[in-house]
Amino acid sequence: MTAPTGQPTMLPPRRDGRLVPYLAVAIGALVVAVVAGAPAVVALAVPFLLALGFGLARTGPLPVTAGITVDTEQLLEGDLLRGEITLDWSGPLDLEVLIRTPNGMAAVPGHPTRWAMPAAAGPVRLPVVLRAAHWGRHPVGEVWVRARAPRGLLVWQGRVATGPSLRVLPQVERLNRLLDPAESRTAAGVHQARRIGEGYEFAELRPYEPGDRLRDLNWGATARHRRPYVNRHHPELSGEVVVVLDTYTDGTTEVLARAARAAWAIASVHLQAGDRVGLIGLGGGWRTLHPAGGERAKYQLLETMLAMGADAVDTTSHNWVSHRLPVPESALVIALTSLYQRSVVRFCQEWRSKGRTVAVAVLDAGDALPPPTSSTEVVARRLWRLEIDRRRAALTGVGIPVVTVGPGGLARSVVGGLRRAGRRSLRAAR
């Protein structure tokens with residue numbers, strides 16, 4: 001796939017650092033020769049005049065045609081992206097080419113992102129190998145060029161091409177268990193409802209009453225008790241889950257990547273089970289997706305997560321606002337956060353105070369930090385750990401189950417931990 005090249009980019013000329021000194025020496029020598037009447041001084045100006053003549057032989061804008069070709073526009077975190085930069089210009093030039101990558105893409109050791117080509121003539125093709133470092137929507141990068149004529153005193157530089165947009169998906173984590181919704185909806189699903197009705201999950205055995213279906217008769221119990229007994233079942237209904245993804249970052253994108261993988265795994269398994277899944281992004285930008293189900297909801301969820309990933313790597317877009325986020329009363333709210341922002345605690349407390357069922361998974365980012373380099377930094381990290389513990393206590397103090405999960409098997413740890421820590425409170429808190 002190729003980024004459209006369009007018309008050639010016209011790079012305006014800029015003076016080299018030697019142009020003004022050469023010109024000053026040449027003009028000064030000529031002035032001294034005229035004023036002092038010393039023709040021999042003109043010889044001092046001759047080399048500089050010749051350098052100016054050769055150096056200014058080529059002037060005017062430089063047309064450069066450039067494009068970026070990549071082998072795919074969709075890949076997973078950690079995958080390698082292979083592509084090619086195509087450049088064309090007129091005449092031999094000393095050329096320097098640089099591809100500037102966004103935060104979501106990273107250079108690969110052994111594969112250059114900067115090239116120097118003395119006295120080269122176009123067209124040229126330069127292979128590019130990059131690594132998808134972070135989930136979200138990212139451009140491949142920008143191609144910048146710096147050119148000068150051999151022995152020239154003018155420089156042409158600027159951006160000549162922008163790569164196509166990439167869709168970097170979170171790595172897949174497989175789950176085989178669901179979280180229990182706060183209140184099952186009256187639609188077919190896989191969750192066991194609290195009431196008894198038609199379904200497959202056994203609930204109780206009781207004597208036959210008028211109106212019971214004959215196909216529910218338990219023939220073994222009927223024979224033992226010599227009176228009709230019927231089996232009763234729990235109906236299987238669908239649930240609503242709202243995943244809250246805290247995309248605030250202080251520069252450590254690895255924690256964001258873990259959160260995205262867990263969010264995508266949890267959302268995918270619930271959508272596959274027929275549940276309705278919504279998404280709320282806190283941190284970089286502000287994005288919400290109302291709970292929905294089906295294949296279309298899965299694509300909408302993915303697109304929203306990719307947009308959130310693009311916002312997350314742009315730390316200038318972080319905007320914490322106190323909007324009232326629409327969360328259905330019957331939805332289970334699962335917040336994946338590092339608790340770096342106090343606002344996350346406040347939002348979860350507000351949802352809980354309004355009767356929503358909330359659970360929080362705190363992502364432990366300790367292993368993603370570099371080793372401390374001083375005793376002051378060690379003390380600072382201990383104080384920060386105490387602040388995180390205080391925020392956890394503020395959540396548990398209002399009845400919100402909180403689990404801490406590390407890097408290994410994150411999605412499974414979130415589901416298993418929340419089921420163990422919050423099964424009873426999730427069913428009672430409504």
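Visitor: What makes L30, V42, V46, L49, L50 and F54 a nonpolar patch on the surface?

Guide: Patch members need over 30% relative accessible area and no salt bridge, with nonpolar side chains joined within 5 Å. In this predicted model, those six names, L30, V42, V46, L49, L50 and F54, form such a patch, with about 500 Å² of accessible area together.

Visitor: Which helix gives the largest share of the patch?

Guide: That's helix α2, residues 42–55, which supplies five residues. V42 is found in helix α2.

Visitor: Why is V42 called partly exposed?

Guide: Partly exposed sits between the buried limit, under 20%, and the exposed one, over 50%. V42 has a relative accessible area of 31%, so it's partly exposed.

Visitor: And how do you know whether E77 is buried or exposed?

Guide: Check the number again: buried means under 20%, and E77 comes in at 3% relative accessibility, so it counts as buried.

Visitor: Where is E77 found, and what is it in contact with?

Guide: E77 lies in the loop between β4 (74–76) and β5 (80–88). Leaving aside neighbours within four places in sequence, E77 is in contact with A132, H134, W135, V168, L169, P170, Q171, A257 and R261.

Visitor: How many of the protein's residues count as buried?

Guide: Of its 430 residues, 45% do. As for the accessible surface, the protein has about 21700 Å², and 54% of that belongs to carbon and sulfur atoms.

Visitor: What does the secondary structure come to?

Guide: Eight helices and 23 strands. Among contacts with a separation of 6 or more, 75% are between residues 24 or more positions apart.

Definitions and conventions. Residues numbered from 1 in each chain as written. Predicted model: local features only at pLDDT ≥ 70, side-chain atom pairs only at ≥ 80, totals over all residues. Heavy atoms only, no water. Helix = DSSP H or I, 4+ residues; strand = E, 2+ residues; numbered from the N terminus. Buried < 20%, exposed > 50% of the residue type's maximum accessible area, 1.4 Å probe, protein only. Contact = heavy atoms within 4.5 Å. Areas by Shrake-Rupley, 256 points an atom, 1.4 Å probe, with all protein chains shown as cover. Patch = residues over 30% accessible without salt bridge, like charges linked within 9 Å, V, L, I, M, F, W, Y side chains within 5 Å. Salt bridge = Lys/Arg side-chain N within 4 Å of Asp/Glu carboxyl O.
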